[in-house]
Amino acid sequence: VVTYSDDYNTKPLGASQKLLSFPWVAYDVLGRLKKIAHGKEQGRAHQEDANKAVVSISKSVLGHSHLQLTRIEEAQTKQQELFHKIQEDVEEAASGVKLTLIGPGLTKICNDNSTVEIFASRDGGVEEDESDSQVLVSVFNAVKAGFREATHVRAGEGLTFLFETESSRKSTVHITSSLQYLRRSAYVNLHTARRPGLLAVLHVLLDWARKFRICGKSRDDIIPEEVLTLLLLSFAETDDSVPKVTDLDVQTECEAIIRGNHSKPPVGNQAPVSGVLLLKFFEHFSSISKTELLML
């Protein structure tokens with residue numbers, strides 16, 4: 001039995017760290033042992049199981065490609081609506097401040113619970129500094145003055161607000177001036193624009209990870225969703241499954257995002273990404289501990 005909630009305090013001293021256990025890897029190993037026990041050669045048994053795993057993952061990816069037209073786009077639309085509401089009031093109240101939608105609302109790697117991520121900068125362009133505290137002060141004052149439904153919460157870097165929506169649900173909004181968040185969104189968006197099939201692959205991975213609480217918003221979750229996303233994309237680059245995104249590519253995309261002209265997938269049907277990439281990813285990271293994972 002594999003559990004995913006941290007419980008290090010109750011473990012005896014020197015106990016081994018918790019490992020990530022990906023589903024298709026487990027089925028692959030169990031199936032291999034069964035076939036070897038029935039007299040099949042180990043290499044042949046492994047190949048048969050790998051082929052079945054690829055077919056299973058590829059079907060999931062294809063299914064998520066269709067879901068993008070409904071569930072995912074609806075979640076992105078909600079993010080955009082809340083962003084435009086905030087943008088209109090803040091840019092009017094805080095002279096010289098420009099807000100840009102980044103994160104899940106830009107990359108489409110989102111669901112109904114995704115945080116709305118907003119990058120705040122000066123209207124004249126992005127500064128070279130890592131963050132701009134004066135811009136954040138202006139944004140904070142504008143939000144507090146213009147939105148009674150917004151509650152400020154202290155949660156790490158930047159500004160975090162809880163916005164109560166019409167349906168009495170609360171949406172988390174994170175506003176940052178840190179270039180790290182903008183660069184991260186640019187990197188992800190470039191990959192999914194160049195290979196649209198990657199978006200479905202990422203949703204298969206994240207849906208599974210949310211189900212087993214590998215990532216999410218709870219303190220018991222292992223890693224943030226954006227970290228798991230970056231892990232898959234960097235692994236795909238290393239595996240030569242996708243073209244590498246350079247620092248210059250990211251810088252150019254950051255400027256395009258600020259201008260409202262970010263990269264988009266080409267028009268027309270695109271070849272889907274097969275399940276081989278996810279299978280390799282699962283196999284590679286199935287024996288890594290949480291501590292090692294967060295150090296990558």
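Q: How do the axes of helix 5 and helix 7 cross, and at roughly what angle?
A: The axes of helix 5 and helix 7 come within 11 Å and cross at roughly 50°. Axes are lines fitted to C-alpha atoms, for helices over the stretch in contact, with angles from 0 to 180 degrees between N-to-C directions. That angle makes helix 5 oblique to helix 7 (under 35 degrees counts as roughly parallel, over 145 as roughly antiparallel, 65 to 115 as roughly perpendicular, and the rest as oblique).

Q: Before we go on, what sort of model is this?
A: This is a predicted model, where local features need pLDDT of at least 70 and side-chain atom pairs count only at pLDDT 80 or more, while totals for chains, interfaces and linings use all residues. Residues are numbered from 1 along each chain as its sequence is written, and side-chain values use heavy atoms, with hydrogens and water left out.

Q: Thanks! Which residues in helix 5 and helix 7 meet?
A: Arg184, Tyr187, Val188 and His191 in helix 5 meet Glu226, Thr229, Leu230, Leu233, Ser234 and Glu237 in helix 7. Contact means heavy atoms within 4.5 Å, and helices are DSSP runs (H or I, at least four residues), as strands are (E, at least two), numbered from the N terminus.

Q: Switching over, at what angle do helix 7 and helix 9 cross?
A: Their axes come within 10 Å and cross at roughly 110°. Helix 7 and helix 9 are therefore roughly perpendicular to each other. The contact has nine nonpolar, one polar and one charged residues.

Q: What about helix 6 and helix 9?
A: Those axes come within 10 Å and cross at roughly 40°, with helix 9 spanning residues 276-285. That makes helix 6 oblique to helix 9. Leu198, Val201, Val204 and Leu205 in helix 6 meet Leu277, Leu278, Phe281 and Phe282 in helix 9. By class, this contact has eight nonpolar, no polar and no charged residues.

Q: New topic: what is the volume of the second largest pocket?
A: About 690 Å³, where volume is the space filled by probe spheres set on grid points joined across faces, edges and corners. On a 1 Å grid over the protein atoms alone, a pocket is an open set of points where a 1.4 Å probe fits, with protein on both sides within 12 Å along at least five of seven lines; lining residues have an atom within 4 Å of a point.

Q: Which element gives the largest share of its lining?
A: Helix 5, with four residues.

Note on methods
Nonpolar A, V, L, I, M, F, W, Y, C, P; charged D, E, K, R; others polar.
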